[in-house]
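Dear colleague,

I am passing on the structure below, together with some notes on what turned up when I went through it.

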Amino acid sequence: MTSLVPEKLKHGLAAGDAGRPARADWTIDQGWAAYTAEEHDIWRTLFNRQSALLPGRACTAFVDGMKALPIGPDQIPNFIELSEVLARHTGWEVVAVPGLVPDEVFFDHLANRRFPAGQFIRRRHELDYLEEPDVFHDVFGHVPMLMNPVIADYIQAYGKGGLRAKQLGVLDKLARVYWYTVEFGLVREPGGLRIYGSGIASSYTESVFALDDASPNRLGFDLERVMRTRYRIDDFQETYFVLDDLDDLLKLADIDFAPLYARVSAQRELEPGDVLDTDRVITRGTGSYHHGGKGV
Ligand SMILES: [Fe+2]
């Protein structure tokens, strides 16, 4: 059973005060030395099965980023070591957080090229279940893409845009852009469609579903269209948006969002599975996964 929670940004969602750590920016020490052998072993399981799946599926930027980083099967990566490499390439660093953090904290980190990563790892009996982003999602899924200069600039711009959108009361619109790009984006490459979204790249099942399944729509990316489109927070997406080139994200970094928000807010919201006459349809999905007995 699934539910639709369209107005929430899962990876930047307010966690309330209950989990508030001592530091104002919500960062904590990774506590790398405290990981247990079992936790490193869970990492190994996740790393190995995902690494076997991604050749021919992950985009070139992801593969190149992964190769250049100290990320391997043997142990949960150390954020200090990751940050040393990231800093040399794109000026980013990885900081540990206990899980979800308030929107303003999340955006402020991104605006300053700090990527807040979950410090904990999921448990073995929940390999494919993720209530909050853990170290595997955040490091395996996100950090390789932060080695790419375009993505590095884009996510920083998103952080700055997030702070503005929050003030304008339109965070839901901007959150959809993050969702359908950084988390669940696909990109065209000469060999076919490839994954660059971290939510897909870190998911064993969605890595296959997003590219191979007949059910979801795959549509050409259009910023206003994406801003109007609700998303599924706890199940496969009904629609994936496809960039012609990762460089297209740079254009988004320069956009003056205020007039755009006004236009988008005047139009009706779209459901996750909607396909419009104006869409650039790459694949028209059957919808069988979500509407054929599974899902809602
Ligand atoms: Fe994420």
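Gly292 sits in the segment that comes after helix 13 (288-291), and with 10 other C-beta atoms within 10 Å it counts as exposed. Although Gly292 and Ser215 are 77 residues apart in sequence, their C-alpha atoms are 9.6 Å apart in space.

Before going further, I should say that this is a predicted model, so a word on confidence is in order. The mean pLDDT of the protein is 90, and 92% of its residues reach 70 or more. Over residues 1-16, however, the pLDDT is below 50, even though this stretch makes 28 contacts in the model beyond its near neighbours in sequence. Where pLDDT is low, the predicted coordinates should not be read in detail, and I have left that stretch aside in what follows.

The annotated site comes next. An unreviewed UniProt entry carries the annotation "binding site" for His137, His142 and Glu183. These residues span 47 residues in sequence, yet no two of their C-alpha atoms are more than 10.1 Å apart, so they gather at one spot. His142 belongs to helix 5 and is buried, because it has 26 C-beta neighbours inside 10 Å, where 20 or more are required. If neighbours within four places in sequence are set aside, His142 is in contact with Phe115 and Ser198. Glu183, for its part, lies in helix 7 (residues 171-183), and it too counts as buried, with 24 C-beta neighbours inside 10 Å.

Which residues of helix 3 (residues 79-89) are buried? They are Phe79, Leu82 and Leu86. Seen down the helix axis, these buried residues fall within an arc of 60°, and they therefore line one face of helix 3. The other side of helix 3 has Ile80, Glu84, Ala87 and Arg88 exposed. After helix 3 comes Gly91, which has a positive phi, near 80°.

Strands of a sheet pair through backbone hydrogen bonds, in either a parallel or an antiparallel manner. Strand 3 (residues 186-189) runs parallel to strand 6 (residues 239-243), to which it is joined by 2 bridges, whereas it runs antiparallel to strand 4, with 4 bridges between them. Strand 3 and strand 4 are also connected by a hairpin through 2 residues.

Definitions and conventions. Residues are numbered from 1 along each chain as its sequence is written. This is a predicted model: local features need pLDDT of at least 70, side-chain atom pairs count only at pLDDT 80 or more; totals for chains, interfaces and linings use all residues. A residue is buried if 20 or more other C-beta atoms lie within 10 Å of its own, exposed if 12 or fewer, and partly exposed in between; C-beta atoms are placed from the backbone. The arc is that of the directions from the helix axis to the C-beta atoms. UniProt positions are given in the numbering used here, feature names are shortened, and annotations may be inferred rather than shown by experiment. Two residues are in contact if their C-beta atoms, placed from the backbone, lie within 7 Å. Two strands pair if DSSP finds at least two bridges between them. pLDDT is the predictor's confidence in each residue, from 0 to 100.
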